[in-house]
Amino acid sequence: MIDSQLLLLQVTLPLIAAPICLLIKSGRACWAIAFIVTISSFSLAAIVFSYVLTYGVLEYNFGGWVAPWGISYRVDIVNGLIALLVSAITTIVLVFARTSVSNEIKNKNQSIFYTAWLLCLAGLLGITVTGDAFNLFVFLEISSLASYVLIAFGQDRRALTASYQYLVMGTIGATFILIGVGLLYAMTGTLNMVDIAARLPQGVTNRTAQTALAFLVVGVGLKLALFPLHLWLPNAYTFAPSAVGAFLAATATKVAIYVLLRFLFTVFGFNFSFEEMPLDLIFVTLGIVAVISASAVAIFQDNVKRMFAYSSVAQIGYMIIGLGLSSKAGLTASILHLFNHAWIKGGIFLALGCVAYKLGSVRLGALAGAGYRMPWTMAAFLLAGLSLIGVPLTAGFISKWYLFEAAIEKDWWLMLIVIVMGSLLSLIYVWRVIEMAYLRRPDHEEEKSEAPLSLLLPTWVLVFASFYFGLDTRLSVGVAHKAAETLIGYSP
Amino acid sequence: MSALGLYNYWIVIFLMMTGFYVVISSGNLVKKIIGLSLFQASVFILYISLGKISNGGPPILREGVELYSNPLPHVLILTAIVVGVSTTALGLSLVVRIKESYGAVEEEEIHRQDESL
């Protein structure tokens, strides 16, 4: 038995450390504080996760007020996994950030940067562990506001317009979520998610609940860059500082997908979401369009960061397809891909961060001969790229394989073509970069200039993880399976 | 009668659509933020309207009142107002920085400058 206060600590530690960082002016000291805090959040998340793996659910009631009256934090295997993933990746990317940020951001602004970083982490973890619908909205806004600030730190002035665009779209999304939560409150008189689920009328058509679901899906869809609502994402990931791009690509959209899962399965229930409302059809259609169109757009990008930002939209498409299959196998594939893709895309963006650090540009032309100049960086990029395509023995293969199986189970053969096509398209854009890096020689012969170890190490850790989870699937597949079972188990 | 009786919801919808329209149609970054605030404010009114109970008094203990309106939505909306204010502040400060580096707050002008690079 562990103390349920540990749950609280993983959110409050970064929340308390954030203003402390603001008071300390030294960038180095702030980094040290941020690192200690994230690594403690990670350890706490690991302890909580190992607990819920054996016992199921861990709850903490604020101020001793029992849920539905008080706000409660509630962790089961699904959000235990997401919290572990988010804190683990944040820790690794933060190691990268120390060198990368001191290169990209002025010394006097670094303490503000780490403050925003910690607030963003607190928000993301808060969204993950809370069991209260309104509290979720508040944490969502904490993490969003912090991420607008983080993006605006980008060196290019277009980072400002990217951040502004994200702010406008993100706020509309958050307001939609607020409306959805309000309608649910009007229906049930409660904000605790489990309690809402118990009080929603079952078996009768209810217009308010349908409207609430529609608002929530669109609102969360904006946050997770669901296909037609993804317009903010490419610019935001491209112009943000390297470390921020990797951080957001690997965590923020994943947390948004978790929010979607939580609302669809725990709050509304499987039957309402997929049988009464035609969400399965909507998700599958949008997912297919996302995979094909975003991958196709990625091929024609000249900026490599932007290329992989579009690739993120496509990969989110796979997760949404898995959801839309509306079966346990599909849900398992979704959660698995969410987990694997976080490592892969984190690895790719960190490798690109190394390139930006050394070459000062991530335009395709600048990468000519990079395979010879920075062999370790480009090797990491190549391996992560293979995993993204879904070559066997990689994590990307495992999740696509499960998506395959889920589609076959439904006899949706057309879906197999879409998945294969998506992989082929990703092969093309990864190949464009590889060709430029290995087969073109730079105009004038330049010496080897490898990125420093402090950047390479975190990159390789993520790349290693994206292979490790392809070989040893006990943790990822086992947990994804259990998580899907838990989510479906909420429905009566 | 019932359609008019729910007049505050009509106000909510009107405000919401006005704000949303300004966000979409205006090319001026400051006006967009104003539209966004209006959009958020309409949701505040929605929440407060939800808390009203027919014939219920304000939620303050006093003699002669048995039925009270629900105070919880008010509390929730206090939090949402804080979030709204910080969003507006952050949005406007971004506009200031954009103005500093582009010398413009019109979307078209900013696009033009980015493309000429």
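Me: Which residue stands opposite Glu59(A) in β2(A)?

Reply: Arg74(A) stands opposite Glu59(A). This is a predicted model, in which local features need pLDDT of at least 70 and side-chain atom pairs count only at pLDDT 80 or more, while totals for chains, interfaces and linings use all residues. Residues are numbered from 1 along each chain as its sequence is written, with chains lettered from A and ligands numbered from 1 in the order in which they are written. Helices (H or I, at least four residues) and strands (E, at least two) are DSSP runs, numbered from the N terminus.

Me: In what sense do β1(A) and β2(A) pair, and over how many bridges?

Reply: Strands pair if DSSP finds at least two bridges between them. Here β1(A) and β2(A), the latter covering residues 72–75, run antiparallel and share four bridges.

Me: Which side chains of β1(A) are buried?

Reply: In a regular strand, side chains alternate between the two faces of the sheet. A residue is buried if 20 or more other C-beta atoms lie within 10 Å of its own, exposed if 12 or fewer, and partly exposed in between, with C-beta atoms placed from the backbone. In β1(A), residues 58–61, Leu58(A) and Tyr60(A) share one face and are buried.

Me: How far does α13(A) reach from its first C-alpha to its last?

Reply: The expected span of a helix is 1.5 Å times one less than its number of residues. Helix α13(A), residues 304–324, has 21 residues and reaches 30 Å, close to the 30 Å expected. Of those 21 residues, 20 are buried. Just after α13(A), Ser326(A) has a positive phi of about 45 degrees.

Me: Where is Leu393(A), and in which loop does it lie?

Reply: Leu393(A) sits in the loop between α16 (375–389) and α17 (395–409) of chain A. Its phi is positive, about 80 degrees, although it is not a glycine. Leu393(A) counts as exposed because it has 12 C-beta neighbours inside 10 Å. Asp411(A), also not a glycine, has a positive phi near 65 degrees and lies in the loop between α17 and α18 (413–439) of chain A. Asp411(A) has 8 other C-beta atoms within 10 Å and is therefore exposed.

Me: Which residues touch the most other members of the largest nonpolar core?

Reply: A nonpolar core is a set of buried Ala, Val, Leu, Ile, Met, Phe, Trp, Tyr and Cys residues joined through C-beta atoms within 7 Å. The largest has 233 residues, and Ala34(A), Val93(A), Leu118(A), Leu150(A) and Ile151(A) touch the most other members. Helix α10(A), residues 242–268, gives the most to this core, with 20 residues. Two residues are in contact if their C-beta atoms, placed from the backbone, lie within 7 Å. Beyond four places in sequence, Leu118(A) is in contact with Pro14(A), Ala17(A), Ala18(A), Cys21(A), Ala34(A) and Val37(A).

Me: What does the domain assignment of chain A give?

Reply: Domain bounds come from an automatic or database domain assignment. Chain A has domain 1 (1–276) and domain 2 (278–492). Their centres, taken over C-alpha atoms, are 22 Å apart. At the contact, 44 residues of domain 1 of chain A meet 45 residues of domain 2 of chain A.

Me: How many residues does the contact take from chain A and from chain B?

Reply: The contact takes 21 residues from chain A and 25 residues from chain B. On chain A, the elements that give two or more residues are α5 (133–152) and α6 (158–188). α6(A) gives the most, with 14 residues.

Me: Where is Tyr68(B)?

Reply: Tyr68(B) is in the loop between α3 (29–51) and α4 (72–102) of chain B. With 14 C-beta neighbours inside 10 Å, Tyr68(B) counts as partly exposed. Leaving out residues up to four places away in sequence, Tyr68(B) touches Gly56(B), Gly57(B) and Pro59(B). The C-alpha atoms of Tyr68(B) and Ala104(B) are separated by 51 Å, with the two residues 36 apart along the chain.
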